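Hello,

Here is the structure we discussed handing over. My notes follow below it.

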Amino acid sequence: MPLEEIGWLRSGACKSSDPELFFPLAPSPAQEARAKAVCATCQVLTECRSYAVRAGEADGIWGGLTPDERRRSRLPASLPGSAAS
Ligand code: SF4
């Protein structure tokens, strides 16, 4: 990923967090909730979420969304399983 595309990451609330919280080897609901709580305080959440959805980031919590949540947000609203259904 080009640095200029993710320069906002330097302002992310996660910059001093343990990477394992956002990219766990064994994801769990508790870990996801803790990561999302950090994202909820983040001043660049919108940029982060937009980038991750657009780039198709397959792993980790980005912009307060899990991989499945990002995948569903990319589906047309009319399809079963989309974020709007
Ligand atoms: S939204 Fe979450 S993952 Fe993205 S930069 Fe902020 S804290 Fe990090």
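The ligand has around it Leu9, Gly12, Ala13, Cys14, Phe22, Cys39, Cys42, Val44, Leu45, Cys48, Ile61 and Gly63, each with a heavy atom within 4 Å of it. This is a predicted model, in which local features need pLDDT of at least 70, side-chain atom pairs count only at pLDDT 80 or more, and totals for chains, interfaces and linings use all residues. Residues are numbered from 1 along each chain as its sequence is written, and side-chain values use heavy atoms, without hydrogens and water.

The shell around the ligand comprises 10 nonpolar residues, two polar and no charged; Ala, Val, Leu, Ile, Met, Phe, Trp, Tyr, Cys and Pro count as nonpolar, Asp, Glu, Lys and Arg as charged, and the others, Gly among them, as polar.

Two of the shell cysteines, Cys14 and Cys48, can be described by accessibility (buried is under 20% relative accessible area, exposed over 50%, partly exposed in between; 1.4 Å probe, protein chains only). Cys14 is partly exposed at 27%, whereas Cys48 is buried at 11%. With a disulfide taken as a pair of cysteine sulfur atoms within 2.5 Å, the count is zero.

Ala52 is in contact (heavy atoms within 4.5 Å) with Glu57, Trp62, Arg70 and Arg74, leaving aside neighbours within four places in sequence.

Regards
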